[in-house]
Amino acid sequence: MCIPERFASLLDRCPHVPFLNNLHARIIVSGFRNNAFLSSKLFRCYAKLGLLPHSKWVLNGFLDLKQWKIGLDALRVTFCLKSCIASERFEFGRGVHGDCFKFNLNSDCFVGSSLIGFYVKFGKLEDACKVFEEITNKDIVAYTCMITAYAKCGGSSAYGAFQVAYRMQEQGLRPNRVTLISLLYTAAKLEALEEGRAIHGYAIRRGIGILDEVFETSLMDMYHKCRDVEMAASVFGKMNPRAIGSWNTLMVAYLHNGQALEAFELLCLMISRKILPDLLTLANAILSCANLNFWCHGRSIHGYMIRMGIEPDLVASTALVDLYSKFDAVKARKMFDKLGKKDAIIYNVMMAGYLENELYGEAINLFRELVDMSINPNLGSFLNLISAVSNVRDIKLARYVHGYILRHELIKNLEIANQIINMYSKCGYILYAKEVFNRMRYRDLVSWTSLMMGYVHHGQSDEAVTLFRLMQREKLKLDSINLVSLLQALSQLGCLSTVKEVHCFIYRYFHGRARELSVNNCLITTYAKCGRIDMATCLFQQMTELSVTTWNAMIAAYGMHGHYREALELFDQMKSGKVRPDEVTFTSILSACSHSGLVEEGLKVFSIMVEEYSIVPCEVHYNCIVDLLSRAGELTEAYNLVKSMPSTKSSAALSALLSGCRLYGGTEIGETITDQMIKLELRNSGYCALVSSIFAGGGRWDEVAKIRALTKDKIMKNTAGYSLIELDKNCTRRE
């Protein structure tokens, strides 16, 4: 081995700075200071060990060559350009380009390819294109370098890679393995499935990439990013042998496609074949467990990492925080706090965990911490913040967040603007939501739907219907959410004729295709609220697909109209059809029994819910039973149930019991409940009227006077009632 090659071999294995300094001195003493090959090796070693200032002698050596008028060659230019990239000296690199032009080196394929790589590293695609055109006899390396340049720049300009490949074939040059990998990378970035499939077909015809792990993994990555996971799995199935990278690529593909179970099964297959997972595999496996709510399996993987002494990196730590935040927010936060280096992504994961656990204040505080740590929040950070503020329903904080977003010029982002509309709607300021909507330059279906749902939520159903008409004029493609919102608005208005029109519109809109189940369910509820239980029944009987929500809608419709027998029969059909009822089902049945005075049937249903279906009764279920017993005059049983409830602050249960006491003369129980309501400060004009009647029945006139004084408070103004009368198709409301 000659001396330069021996020095190069030592530089490749350089362990630390003292060894490098000693070796550098020996190279200079041996007279190889101006050796281009060794200069490049030395520069890379200095850069690798974080000593870039010491490596500037490479560039100074280039200046020495010019000063002494020593001719440049392709190798020296290439190494110098690499030095410029590593030290981020763009202007020096441009000067090197000028020198290449003087010595006519820019037409050389090798130099031209290096110049293209240099300009692309600094994001100068136009300059790279000019360099490419300066190359006289372009070979496959030059073409491949230009294809890679287009691929790295991304955006719509990446399509230029395919145009360069077409030019290359016109010149009679055939793409090689490296060229195809660059084209696959471009197709993956652009999500251009057709182009990717064409590249795959060309590779098969030419026999390129067979048993080539890198090429086949690039194919899998392309198909996964083009949302064709089946083809990615097909490529994986034909690979032999399979390296750990290919397993990881397919796991990521499954996770991004929402197929967490398939990703987890892939880990199980690896273990059965005794393939040792790496850190990325374990991180993906933890993510799949988090998505599947496989708490025990996720903890087992974490335990395996601890036993094997595998220190999680930022990706694996993010996955662990995501897993624990779904089950134990406190432990997730402890793990989060232990992390040294944090980025915006792990903050987003922790914020999402708080949102899932309804700890909205903690999520807001975490965003403040993110900003205080001088970490730039990304789109996900702002969306989590807006979601937290929406649930807190603090208008002052909502306006502050809106102003913060305006200052950072993020309101132009469509997704953020849509969430702000939703935020103002939830905070009760629909006019602010409308103003944001009107100022939006571009709107999508979500923008219209968010405002429409806000109108429905705040009882402004006429505005919701008007907005739907405007959507039709804009010729937007509607979805089930828009139609459900429209039907909810019409059910509030009680416009039967308009509901029929919308029903016909839905029938025409779907052109005989199967309608969304949610639309049919909402139609049943809307017809029932508009007084047409027969239409609701007919629609239910015509449906071929029935979900639990469908059964619930029909049972609630029967209960709404006092058809308690039909509701109970439907409940029996549901059980015989092996459809498992949920909490909403029992709420509807118990409500129907309560309004019909079916005490025995109601108590039996309550018992079935607890004993047969192991459903823990919630406050609504207790309220129904209390109301049922109170209406039947079973005041003692109702009072005992109220005392045994998990929360004794249920205003609905106390109000139902008070009504029963007034009706059946239960003065003693009524007074006890009254004192309890006053202590709990459950102030409402309706409750006060009931309390006043109870006190009057017991002769406690001083208390009656106090209650009547309270009703004059502005906080307890009575809400005016109104009647909906269908005068014409536009459903004029008369109050």
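How many disulfides does a search of the whole structure find? The search finds 0 disulfides, a disulfide being a pair of cysteine sulfur atoms within 2.5 Å. This is a predicted model, in which local features need pLDDT of at least 70 and side-chain atom pairs count only at pLDDT 80 or more, while totals for chains, interfaces and linings use all residues. Residues are numbered from 1 along each chain as its sequence is written, and side-chain values use heavy atoms, leaving out hydrogens and water.

Cys 530 illustrates the search result. The cysteine sulfur closest to that of Cys 530 belongs to Cys 495 and is 7.2 Å away, too far for a bond. Cys 530 is buried, at 16% relative accessible area; buried means under 20%, exposed over 50%, and partly exposed in between (1.4 Å probe, protein chains only). Cys 145 is also buried, at 19%.

The next residue lies in a helix. His 302 belongs to helix H18, residues 295-307; helices (H or I, at least four residues) are DSSP runs, numbered from the N terminus. With a relative accessible area of 15%, His 302 is buried. Leaving aside residues up to four places away in sequence, His 302 touches Leu 320, Tyr 324 and Met 335, where contact means heavy atoms within 4.5 Å.

Helix H35 covers residues 583-596. Among its buried residues are Phe 586, Ile 589, Leu 590 and Cys 593. Helices H33 (548-560), H34 (564-576), H36 (599-611) and H37 (619-631) are included in what covers the buried residues of H35. After H35 comes Gly 597, whose phi is positive, near 75°.

Conventions:
Helices (H or I, at least four residues) and strands (E, at least two) are DSSP runs, numbered from the N terminus. The expected span of a helix is 1.5 Å times one less than its number of residues.
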